[in-house]
Amino acid sequence: QVQLVESGGGWVQPGGSLRLSCVASGFTFDSYVMRWYRQAPGKEREPVAGIGISGDGIIYADSVKGRFTISRERGQNTVYLQMNSLKPEDTGVYYCNAQNIRRPAEDHWGQGTQVTVAS
């Protein structure tokens, strides 16, 4: 059974940091491109960051460049999103996504973790 389980969300003041984790199971982690998306209230889901199967090919949304860092740990089947200098506009539900590099139509989503940045 394919599972992506996110954790690490919560409430933080502007300027603070959070580290999100996404643990994958039920599929070959090393064959999947991993991405983080977020969805703010009343807005569409948007991509935040992505990382290739070998930890290369890292991309970020312009809005988070220089503040967020995506990484993956093969032995733990886990992808992380380190978020620093958080802003109120970073508030939203953060989702983990796994896309099969050989079969791009196959992708999986986690249930999401809430991040709230407020004073």
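Predicted model: local features only at pLDDT ≥ 70, side-chain atom pairs only at ≥ 80, totals over all residues.

Student: What does Val 12 touch, leaving out residues up to four places away in sequence?
Tutor: Its contacts are Ser 17, Leu 18, Leu 86, Thr 116, Val 117 and Ala 118.

Student: How far apart are Val 12 and Thr 116?
Tutor: In sequence, 104 residues separate them, yet C-alpha to C-alpha they are 6.3 Å apart in space.

Student: OK, on to the strands. In which sense do S2 and S11 pair?
Tutor: S2 and S11 run parallel, with three bridges between them. Thr 116 in S11 is the bridge partner of Trp 11.

Student: Which strand pairs with S11 in the antiparallel sense?
Tutor: That's S9, residues 92-100, and that pairing also has three bridges. There, Val 93 stands opposite Gln 114 of S11.

Student: Which residues of S11 are on the covered face, and which on the uncovered one?
Tutor: Thr 113, Val 115 and Val 117 make up the covered face, while Gln 114 and Thr 116 are on the uncovered face.

Student: Changing topic: how many aromatic pairs are there?
Tutor: The count is three aromatic pairs. One of them is Tyr 95 with Trp 109, an edge-to-face pair at 6.5 Å centre to centre, with 80 degrees between the planes.

Student: What does that pair tie together?
Tutor: Tyr 95 is in strand S9 and Trp 109 is in strand S10 (residues 107-109), so the pair links parts that are 14 residues apart in sequence.

Student: How accessible are Tyr 95 and Trp 109?
Tutor: Tyr 95 counts as buried at 13% relative accessibility, whereas Trp 109 is partly exposed, with a relative accessible area of 34%.

Student: Which residues do ring pairs link into a cluster?
Tutor: The cluster consists of Tyr 37, Tyr 95 and Trp 109.

Student: Last one: what sits over the ring of Tyr 80?
Tutor: The charged end of Arg 19 does, 3.9 Å from the ring centre. Elsewhere, Arg 72 lies over the face of Phe 29, at 4.3 Å from the centre of that ring.

Terms used. Residues numbered from 1 in each chain as written. Heavy atoms only, no water. Contact = heavy atoms within 4.5 Å. Buried < 20%, exposed > 50% of the residue type's maximum accessible area, 1.4 Å probe, protein only. Helix = DSSP H or I, 4+ residues; strand = E, 2+ residues; numbered from the N terminus. Pairing = 2+ DSSP bridges. Phe/Tyr/Trp six-rings, centres within 6.5 Å; stacked < 30°, edge-to-face > 60°. Lys NZ or Arg CZ within 6 Å of the ring centre and 35° of its normal.
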